[in-house]
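Please open the model in your viewer and keep the sequence panel beside it.

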Amino acid sequence: MRVGSSSDSRIVLVTGATGFIGRHLTRHMVDAGHRVIALVRDVKRARDLFGAHVETLTSLNDVASGRRIDVIVNLAGEPILAGRWTPRRRGLLLESRLRITNDVVALIARLRMKPQLLISASAIGYYGVRGDEEITEADRGRPIFQSHLCQAWELAAQAAVVHGVRVCRLRLGVVLGRDGGAWPGLARAARFGLRISLGAGTQWVSWIHIRDVLRLIDYCMECDDVDGAINATAPLPVRQADLARAMTGTRFSVGVRVPERVLRFVLGEMAQLLLDGQRVLPMKAQCVGFRFAYADIGPAIRDLSGADRIGAARGTLGEAATKAGH
């Protein structure tokens with residue numbers, strides 16, 4: 001990881017910095033020349049990941065009231081798919097998000113110089129179960145747990161507005177990156193030639209490449225007129241079976257269907273995340289001029305699987321061989 005330099009260098013506080021998105025964001029911010037303060041649970045792990053380039057904290061109480069912080073990116077929270085949604089698990093999911101978010105707002109309240117921006121993570125679970133309906137930021141939530149969880153999380157973050165801070169609430173879809181999220185499981189199945197359909201496989205997957213998540217965060221930092229809810233999803237969602245088919249590409253593959261009733265029995269209400277899907281469109285991002293580097297699933301899969309790099313390397317070798325022949 002190199003330390004960049006920039007005349008627009010900012011001090012960025014990242015919560016959840018050692019998580020999947022947090023790791024990418026922290027390195028991205030350092031490379032861009034920003035100074036990063038990382039709120040983490042495990043300082044040793046954070047130092048192993050980031051070295052001496054990042055300042056680490058285990059409590060926001062350690063931040064002095066006179067400290068300058070320009071931007072806060074709040075990503076902390078227990079993983080939503082890490083266990084069945086028992087009453088205890090639901091409480092943990094909610095508490096982990098609200099506690100850190102409330103702590104962030106409390107920090108903002110006591111800082112003498114307020115941050116310019118709070119970017120707080122949320123999820124497209126905000127919209128609940130919607131079938132084939134096209135969903136934008138104008139749509140409301142539903143009376144189910146995943147929606148209530150996101151609504152409470154966003155409401156806690158929005159409290160920072162009282163202190164004159166611009167708030168962007170990123171409603172993240174299925175984030176695809178080589179080292180975390182949904183990708184490793186999808187790639188493993190594809191390597192074994194398996195096209196796995198969950199239930200009917202017709203449910204929508206609203207996905208986004210990790211690089212576009214980082215670029216969207218950059219965009220929020222640079223554009224003072226962007227605020228409120230923002231769908232962090234690619235413009236072209238895909239059906240789950242089509243995603244599985246695209247993952248295997250032109251290789252021979254075998255279709256494997258996991259029955260809906262089995263998933264609902266094993267996972268309970270959490271099965272909604274896998275079986276019901278949401279067709280979410282990034283209306284606000286596109287309206288304010290953000291351009292996705294990976295709008296279509298094909299190029300995203302080629303990039304994450306390394307196919308583009310392999311093709312480029314072969315092309316370079318071919319050119320070299322041709323020149324050598326001359």
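**First stop: Asp70**

Select Asp70 and display its surroundings: leaving out residues up to four places away in sequence, Asp70 touches Arg10, Ile11, Pro115, Gln116 and Leu117, where contact means heavy atoms within 4.5 Å. The model is a predicted one, in which local features need pLDDT of at least 70 and side-chain atom pairs count only at pLDDT 80 or more, while totals for chains, interfaces and linings use all residues. Residues are numbered from 1 along each chain as its sequence is written, and side-chain values use heavy atoms, with hydrogens and water left out.

Asp70 belongs to the loop between strand 3 (54-57) and strand 4 (71-74); helices (H or I, at least four residues) and strands (E, at least two) are DSSP runs, numbered from the N terminus. Is Asp70 buried or exposed? Asp70 is buried, at a relative accessible area of 7%; buried means under 20% relative accessible area, exposed over 50%, and partly exposed in between, with a 1.4 Å probe and protein chains only. Its side chain reaches the backbone nitrogen of Ile11 at 2.8 Å.

Next select strand 7. Seven of its seven residues are buried, so strand 7 is largely enclosed by the rest of the structure. Arg166, Cys168, Leu170 and Leu172 point one way from the strand, whereas Val167, Arg169 and Arg171 point the other way.

Leu118 has Val167 of strand 7 as its bridge partner.

Rolling a probe the size of a water molecule over the atoms shows where empty space is left. A search of the whole structure finds two cavities of 30 Å³ or more. A cavity is a set of points, on a 1 Å grid over the protein atoms alone, where a 1.4 Å probe fits but cannot get out; lining residues have an atom within 4 Å of a point. Grid points are joined across faces, edges and corners, and a volume is the space filled by probe spheres set on the points.

For the largest cavity, select Ile21, Val73, Asn74, Leu75, Ile119, Ser120, Ala121, Leu170, Leu172, Val213 and Ile217, which line it. The elements that give two or more residues to this lining are strand 4, strand 5 (117-123), strand 7 (166-172) and helix 6 (210-222). Strand 5 gives the most, with three residues. The space inside is about 40 Å³. By class, the lining has nine nonpolar, two polar and no charged residues; Ala, Val, Leu, Ile, Met, Phe, Trp, Tyr, Cys and Pro count as nonpolar, Asp, Glu, Lys and Arg as charged, and the others, Gly among them, as polar.

The second largest cavity has a volume of about 30 Å³. To see its lining, select Leu216, Tyr219, Cys220, Val226, Ile230, Lys284, Ala285 and Val288. Helix 6 and helix 10 (283-287) are the elements that give two or more residues to this lining, and helix 6 supplies the largest share, three residues. This lining has seven nonpolar, no polar and one charged residues.

Move to Ser253, in the loop between helix 7 (240-248) and strand 15 (254-258). Ser253 is buried, with a relative accessible area of 16%. Which residues does Ser253 contact, leaving aside its neighbours within four places in sequence? They are Gly193, Arg195 and Thr248. A polar contact of 2.7 Å joins the side chains of Ser253 and Arg195; such a contact is a pair of N or O atoms within 3.5 Å, and within protein one must be able to donate a hydrogen and the other to accept it, while residues adjacent in sequence count only if both atoms are side-chain atoms.

**Last stop: helix 11**

Finally, select helix 11 (residues 297-305), whose buried residues are Ile297, Gly298, Ala300, Ile301, Asp303 and Leu304. Asp296 caps the N-terminal end of helix 11, with a side-chain oxygen 2.9 Å from the backbone nitrogen of Gly298. After the helix comes Gly306, whose phi is positive, near 90°.

Note on methods:
1 Å grid on protein atoms, 1.4 Å probe; cavity = no way out; pocket = protein on both sides within 12 Å on 5 of 7 lines; lining within 4 Å. Pairing = 2+ DSSP bridges.
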